[in-house]
Amino acid sequence: MPMTMIDTPPAARVAGGIVDASLRTATWHEVEKGFWVGNIPGRFLGTVEHGHTGYIARDDTGARVGRYSDAVEARAALSERGKEPRS
């Protein structure tokens, strides 16, 4: 199955389906139908999986971030977390 890649340009709007990751480009790869992995340079952001009740976002540790009505919202939530400094 071919892989789909979604590049997110910096300083873009969330409403347009694109998210800002503090001038770092968030890249999303659909590695399996309905399952995306995301990263910014040097950092894994997490995963988004399409389930029966919506799109589940999990952070870089696998912890559930939330359930969203669409994949764009779920990816945006993880990209926003990517702005935060790592502890």
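Which residue in strand 5 does Glu-49 stand opposite? Glu-49 stands opposite Ile-56.

## Basis of the model

The model is predicted, so local features need pLDDT of at least 70 and side-chain atom pairs count only at pLDDT 80 or more, while totals for chains, interfaces and linings use all residues. Residues are numbered from 1 along each chain as its sequence is written, and side-chain values use heavy atoms, with hydrogens and water left out.

Strands are DSSP runs (E, at least two residues), numbered from the N terminus. Two strands pair if DSSP finds at least two bridges between them. Strand 3 (residues 35–40) runs antiparallel to strand 4 (residues 43–51), and six bridges join them. Asn-39 has Phe-44 in strand 4 as its bridge partner. The two strands form a hairpin with two residues between them, and Gly-42 in the turn has a positive phi of about 80°.

Strand 4 also pairs with strand 5 (residues 54–59), again antiparallel and over six bridges. A hairpin of two residues joins strand 4 to strand 5.

## The aromatic pair

One aromatic pair is found in the whole structure (ring centres within 6.5 Å; planes under 30 degrees apart are stacked, over 60 edge-to-face, the rest tilted). Trp-36 and Tyr-55 form this tilted pair, at 6.0 Å centre to centre and 45° between the planes. Trp-36 lies in strand 3 and Tyr-55 in strand 5, 19 residues apart.

Trp-36 is buried at 9% relative accessibility, and Tyr-55 is buried at 17% (buried is under 20% relative accessible area, exposed over 50%, partly exposed in between; 1.4 Å probe, protein chains only).

Methods
Helices (H or I, at least four residues) and strands (E, at least two) are DSSP runs, numbered from the N terminus.
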